[in-house]
Amino acid sequence: MSLIEVSHVSREFKSFQRPEGLKNALYTLFKREYEYKMAVDDVSFSIEKGELVGYIGPNGAGKSTTIKMLSGILVPSSGTVMTGGIVPWEQRKKNASHIGVVFGQRSQLNWDLPMEDTFELYRRMYRIDNKTYCRNVDMFVELLEMQQFLRKPVRQLSLGQKMRAELAVALLHDPSILYLDEPTIGLDVVVKDKIRKFIRSLNQEKKTTVILTTHDMDDIEEICNRIIMIDHGKLVLDQTVHDFKIQGTDHYYVELSFSANQKPLTIPGVLMVKEQAACHTYQVDSAMVSFNLLLRLLSDSYDVTDITINKPEIDEIVRRLYKRTGEREESEKLLHIK
Amino acid sequence: MIGLYTAFARISFLTQLEYRGQYFMRMVSKILGWSTGFIMLMVLLQKFQTIGGWSIYEILLLYAFDVLSYSIAGTFCMGAFGKLPGMIRQGELDGILTKPVNPLVYLVSTKISAGYTSNYIIALGIIIFSLRKLGIALDGFRSVWLVLDIIGASLIQMAGFMITTIPAFWLYKSDGLYQLFYKNFTEFLKYPLSIYNVGVQTLLTFILPYAFINYYPVQYFLNKEEGRFASCFMFLTPIVGILAFFAAYLLWLRGLRAYHSTGS
């Protein structure tokens, strides 16, 4: 059995439509029409121990709702979830002792306590034995570079320091699963990098299974080895990051620097996407133009000083996927009207 | 485990003391709030001497039972349940539900209020003062029973707090319930229940058992036997307290299951 088993999970939310105008508002005091929205709709997947899963989707796709059901905060409307052999929302306490949770947008730390004291409280709350506690505190303080702010009350920490503190606290009891809901939101590049490296090394050392939601595709690129994508509550994609990136390999980008200004290439399959004084960028369709041919054409018409070839990044593939599902929905709406 | 919750409560308590200005302002406002009620009572009693056959010190005892049990309940519940509807709307329970703790005990111990300490002193003072004026000695048994009554009364007050705020899990806002079924109905407790009509007496005894906070238990100490129901009611406060609290706890558990959280 896998560490995390999600089968046919749905979660419905009820909301009522606020009408316009006073008369209608008064009317709703007596009779209300509710709108039911499926935040998560028949989602199934399973995750093995030690996997690093990126859970992505546009805003409002149902990512957070799924994470909340996995971590035992929400009870699904239907379907079953098993994590580490238990149903998370039925055995909340037991579940809590083998998971760690970080919500990027919601702090769990006590505002008035310095981190040292918070660590101590968590040691008691999770009943962590002394050896594990000391080892983990030392490791996290070192890897996350927390020495400078251990004694400061949390309210005085910067966003990046707070996020590192959240991570350390969530991992103090050696959880087997770590849920991260947008862990790098609003952080600068250096802190982002620290956090990503930390998660990777944690996974290598302790085989911690990580599920993270994010809008930053670099998180996926640098941390994850599997992508699950959800949109409008439905699972749209579940594959390894490697397979995911191959999807985009029907084209690539060539960035070209040259000394003398030249006329741009105009052949089918090669598209100019950026034009600067001494630098042109083309998008090349690899099925239509062979690499050899392209090189010959380029060297014929340009006095090349530098050339860079880029594969599309995850970001771009995701953008295409999001757009596609958006368009599909638009067309479905149109059909509906007819 | 109890040690852990005590540690949480201690931190919450000490943190509030750290913000000294805020702490003293709250203290002053509480003292003023209760004293206006107290002064109103005194004025009324100056005029009428007795209300429903209860003398001034007997009524003061009623008043002090209410204030003391309310303050104990408020210490534990004001932070946790006063803010519960807001916390539910903001999805702030998420963090609690992912910790290996009892959510209720954790919520209460991390949100304990330090602002009621002045009330304890005032209410206890009034109880001792009135008993002495009435010539009632607190022997061993009576003082134990007094403690049990205060615990029972506090549990009823807590249940009132909880049952009127927990519906926020379904309604998102429950200020109206809290105001009506807790705040407004406990206003009746200022005077002996016997001055109200049958409807109010039945309501406050069987449906919202607030009369067990002061009217019934106080009769034991005053050697009174009145009220339209059985005289054994004066001994039931601890039991009613436990039952009411248990009912509130069951409602809490159902509320947690219905918890919606909010998207982020």
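This is a predicted model: local features need pLDDT of at least 70, side-chain atom pairs count only at pLDDT 80 or more; totals for chains, interfaces and linings use all residues.

1. Two residues of chain B deserve a look for their backbone angles. B:Gln49, although not a glycine, has a positive phi of about 65°, and it is found in the loop between α2 (20–48) and α3 (56–82) of chain B. Is B:Gln49 buried or exposed? With 9 other C-beta atoms within 10 Å, B:Gln49 is exposed. B:Asn223, again not a glycine, has a positive phi of about 55°; its place is in the loop between α12 (215–222) and α13 (237–258) of chain B, and because it has 8 C-beta neighbours inside 10 Å, B:Asn223 also counts as exposed.

2. As for chain B as a whole, there are 13 helices and 0 strands, so that the pattern read along the sequence is α-α-α-α-α-α-α-α-α-α-α-α-α. The radius of gyration of chain B is 19 Å, close to the 18 Å that the globule rule gives for 264 residues, so chain B is as compact as a globular protein of that length. Taken along the principal axes, the C-alpha atoms of chain B fill a box of roughly 60 × 40 × 35 Å. Of the 264 residues, 36% count as buried, and among contacts in chain B with a separation of 6 or more, 78% come from residues 24 or more positions apart.

3. Turning to chain A, helix α5 (residues 130–143) has 14 residues, which at 1.5 Å a residue should span 20 Å, and the end C-alpha atoms are 20 Å apart, which agrees. The buried residues of α5(A) are A:Tyr133, A:Val137 and A:Phe140; seen down the helix axis, these buried residues fall within an arc of 75°, so they line one face of the helix. An α-helix has 3.6 residues a turn, so residues three or four places apart point the same way. The buried residues of α5(A) pack against α4 (115–125) and α6 (159–171) of chain A, whereas on the other side of α5(A) the residues A:Lys131, A:Cys134, A:Arg135, A:Asp138 and A:Glu142 are exposed. The helix is followed by A:Glu145, whose phi is positive, near 50°.

4. The contact between the chains takes 28 residues from chain A and 17 residues from chain B. On the side of chain A that touches chain B, the elements giving two or more residues are α2 (63–70), α3 (92–97), β5 (99–103) and α4 of chain A, and α3(A) gives the most, with 4 residues. The residues of this side of chain A divide into 12 nonpolar, 9 polar and 7 charged.

5. The largest nonpolar core has 125 residues, and those with the most contacts inside it are A:Leu167, A:Tyr179, B:Ala64, B:Ile156, B:Met158 and B:Met162. The largest share of this core, 16 residues, comes from α3(B). Leaving aside residues up to four places away in sequence, A:Leu167 touches A:Val102, A:Leu144, A:Ile195 and A:Phe198.

Methods: Residues are numbered from 1 along each chain as its sequence is written. Chains are lettered from A and ligands numbered from 1 in the order in which they are written. The expected span of a helix is 1.5 Å times one less than its number of residues. A residue is buried if 20 or more other C-beta atoms lie within 10 Å of its own, exposed if 12 or fewer, and partly exposed in between; C-beta atoms are placed from the backbone. The arc is that of the directions from the helix axis to the C-beta atoms. Two residues are in contact if their C-beta atoms, placed from the backbone, lie within 7 Å. Ala, Val, Leu, Ile, Met, Phe, Trp, Tyr, Cys and Pro count as nonpolar, Asp, Glu, Lys and Arg as charged, and the others, Gly among them, as polar. The radius of gyration is taken over C-alpha atoms; the globule rule is 2.2 Å times the number of residues to the power 0.38. A nonpolar core is a set of buried Ala, Val, Leu, Ile, Met, Phe, Trp, Tyr and Cys residues joined through C-beta atoms within 7 Å.
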